[in-house]
Amino acid sequence: MTDVDRLVIRVSTSIRDALEQLQNTAAGVLLLIGDEGQLLRTITDGDLRRLMLAGFGMHDRLSALPSQPPIVVAENTDMVEALHVMSANQIYQLPVVDVNGRPSRVLFRHDLDTKILLSTPHLGEYEIGFVEEAFRTNWIAPLGPNIDAFEQEIADYLRVKHAAAVSSGTAALHLALHLLNVRPGDVVFCSSLTFVASANPVLYVGAVPVFIDSEPTTWNMSPSALERALAEADQRGKLPKAVIVVNLYGQSADMDALLALCNRYEVPVVEDAAESLGATYKGRRSGTLGRIGILSFNGNKIITTSCGGMLVSNDGDLIRRARFLSTQGRESKPWYEHREIGFNYGMSNILAGIGRGQLKVLDDRVEARRQVFDRYETGLKDLSAFNWMPEAPFGRCTRWLSVASLDPSRSEVAPGNLIDRLARFSIEARHVWKPMHRQPLFSGCEYYPHGEKYSFSDNVFDTGVCLPSSSNITRTQQDRIIKAIGSVLRAQATGEPRHAASQ
Ligand SMILES: *Cc1c(COP(=O)(O)O)cnc(C)c1O
């Protein structure tokens with residue numbers, strides 16, 4: 001939605017000023033209003049051009065425009081109906097007017113008919129400057145001033161001592177396990193409710209993953225499940241070499257409880273903060289509470305470098321060693337000397353430039369994603385089947401994704417059903433991550449549920465749905481999503497067949 005005040009214009013305005021306003025607002029349309037604020041007509045570039053062809057000059061006033069009843073819709077008009085009006089009249093902008101005929105906003109066709117994706121990149125105005133600087137100075141390499149600066153700026157933002165930029169969040173996790181000397185046959189505990197990238201690195205190093213369930217207040221690692229898992233591992237005499245704690249969908253896990261358990265057994269914690277950059281835990285930044293934290297700048301994350309990642313820690317030796325391993329493990333000798341396996345996991349100086357620009361708008365992006373969540377919560381209030389992922393009282397969630405579970409006792413519509421139906425409205429929604437302990441890749445791996453007989457992640461996978469959450473989603477697009485969800489959930493009353501939860 002464009003702020004309507006920027007688009008209104010009065011008949012006493014000159015053609016020159018109108019042209020300038022058209023250009024500045026870049027909405028393709030102005031709204032000519034009368035003394036009472038009522039919409040008289042719309043004005044496009046073509047309308048002004050025609051006036052001038054008819055002999056009017058730059059200083060003539062808009063009163064010269066012929067009257068032309070505007071095509072408008074009322075405030076409660078359905079978006080499908082609005083799209084229909086635009087198609088029928090071959091127009092791309094459609095003013096919405098109140099009962100007094102005053103414009104309240106303008107609907108844009110591209111908002112109504114383009115596909116709405118789950119989470120898209122959202123560039124700001126600073127990235128290009130850093131990237132141009134890299135080109136100008138020929139720093140097109142996996143080292144350079146943007147990388148050093150990006151690492152320092154991330155460290156400052158997180159209030160952590162050291163950071164090493166790498167090629168992806170997955171690479172950062174792989175390095176983290178190396179840094180903690182995880183070897184073939186070792187055991188690593190990992191959150192089960194997560195993206196596969198959290199757990200794959202355990203297999204890269206030849207270790208054996210054991211999956212730990214989440215709990216309802218954070219949707220993150222359950223301290224009671226972890227406690228049982230650690231106690232049993234201790235009894236068997238085979239404690240894990242590391243615990244990978246994931247901070248899901250923009251929310252920190254309950255780190256104090258988890259760290260207390262891990263400290264008791266002296267097991268280091270790797271914090272997978274790929275989804276939680278910008279979130280806090282008791283005033284501290286998510287990603288800085290474990291021994292090592294990892295971040296991701298993949299295209300779907302809250303800020304992006306297209307692809308990229310970061311390792312952060314207060315332990316300078318660990319981060320120095322991460323840099324050494326990520327650049328082929330080259331010893332400091334005049335020739336190429338190698339003692340141990342290294343990796344090519346560096347970040348490009350160009351991508352670090354994008355990251356520096358993105359970091360400047362991170363707090364805005366957090367705010368925007370939280371607003372997206374708030375609008376869903378308000379807009380879908382009357383649908384009692386929606387149980388939103390709670391925001392735990394100990395911190396601030398970024399709402400990287402707006403996620404809810406659908407109460408099966410209040411809705412016949414299963415998540416797979418809703419996702420399919422929204423796709424028909426060109427809206428991309430997705431299932432909650434399928435837990436790792438249910439993945440064929442990890443079949444046979446041990447799993448510790450939240451309660452002896454209750455698995456939270458299984459429950460949330462069967463009932464959960466992630467809604468489009470990009471920070472650049474427009475209000476009109478979000479209205480479209482809210483309307484579509486309403487129409488799908490209310491259609492159940494008319495006997496839509498119930499689908500089984502998909503696998
Ligand atoms: C995205 C993601 C990763 C991996 O990050 P990449 O940069 O894509 O390699 C790891 N863990 C979680 C929880 C993620 O969401």
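**Close-up views of a predicted model**

Figure 1. The model is predicted, with pLDDT of at least 70 needed for local features and 80 or more for side-chain atom pairs, while totals for chains, interfaces and linings use all residues. Residues are numbered from 1 along each chain as its sequence is written, and side-chain values use heavy atoms, without hydrogens or water. Which residues line the largest cavity? They are Val73, Ala74, Glu75, Thr77, Met79, Val96, Arg105 and Leu107 (a lining residue has an atom within 4 Å of a cavity point, and a cavity is a set of points on a 1 Å grid where a 1.4 Å probe fits but cannot get out). Two strands, S4 (73–74) and S6 (103–108), each contribute at least two residues to this lining. The largest cavity has a volume of about 30 Å³, taken as the space filled by probe spheres set on the points, which are joined across faces, edges and corners. The count comes to one cavity of 30 Å³ or more.

**Figure 2. Glutamine 90 has a positive phi in a loop.** Although glutamine 90 is not a glycine, its phi is near 50 degrees. Look for glutamine 90 in the loop that runs between helix H3 (79–89) and strand S5 (93–97); helices (H or I, at least four residues) and strands (E, at least two) are DSSP runs numbered from the N terminus. Is glutamine 90 buried or exposed? With a relative accessibility of 66%, glutamine 90 counts as exposed (exposed is over 50% relative accessible area, buried under 20% and partly exposed in between, with a 1.4 Å probe and protein chains only).

**Figure 3. Asparagine 181 also has a positive phi.** The value for this non-glycine residue is about 60 degrees. Asparagine 181 sits in the loop between helix H7 (169–179) and strand S8 (187–191). Its relative accessible area is 39%, so asparagine 181 is partly exposed.

**Figure 4. Helices H14 and H16 pack with their axes 10 Å apart.** The angle between H14 (residues 415–424) and H16 (residues 475–491) is about 130 degrees, where axes are lines fitted to C-alpha atoms over the stretch in contact and angles run from 0 to 180 degrees between N-to-C directions. That makes H14 oblique to H16; under 35 degrees would be roughly parallel, over 145 roughly antiparallel and 65 to 115 roughly perpendicular, with the rest oblique. H14 and H16 cross in a right-handed way (the near helix is turned clockwise from the far one by less than a right angle, and anticlockwise in a left-handed crossing).

**Figure 5. Helices H1 and H2 come within 10 Å of each other, axis to axis.** H1 covers residues 15–25 and H2 covers residues 45–53, and their axes cross at roughly 155 degrees. H1 is therefore roughly antiparallel to H2. The crossing of H1 past H2 is left-handed.

**Figure 6. Alanine 176 and leucine 318 have C-alpha atoms separated by 8.8 Å.** Along the chain, alanine 176 and leucine 318 are 142 residues apart. Alanine 176 belongs to helix H7 and is buried, at a relative accessible area of 0%.

**Figure 7. Glycine 316 belongs to helix H11 (residues 316–326).** A relative accessibility of 12% makes glycine 316 buried. How far is the C-alpha atom of glycine 316 from that of serine 326? The separation is 15 Å for these residues, ten apart along the chain.

Figure 8. Glycine 353 lies in helix H12 (residues 349–360) and is buried at 0% relative accessibility. Glycine 237 occupies the loop between helix H9 (223–236) and strand S10 (242–246) and is exposed at 63% relative accessibility.

**Figure 9. The protein has 16 helices and 20 strands.** Along the principal axes, its C-alpha atoms fill a box of roughly 90 × 65 × 35 Å. Of the 503 residues in the protein, 55% are buried.

Definitions and conventions. On a 1 Å grid over the protein atoms alone, a cavity is a set of points where a 1.4 Å probe fits but cannot get out, and a pocket is an open set with protein on both sides within 12 Å along at least five of seven lines; lining residues have an atom within 4 Å of a point.
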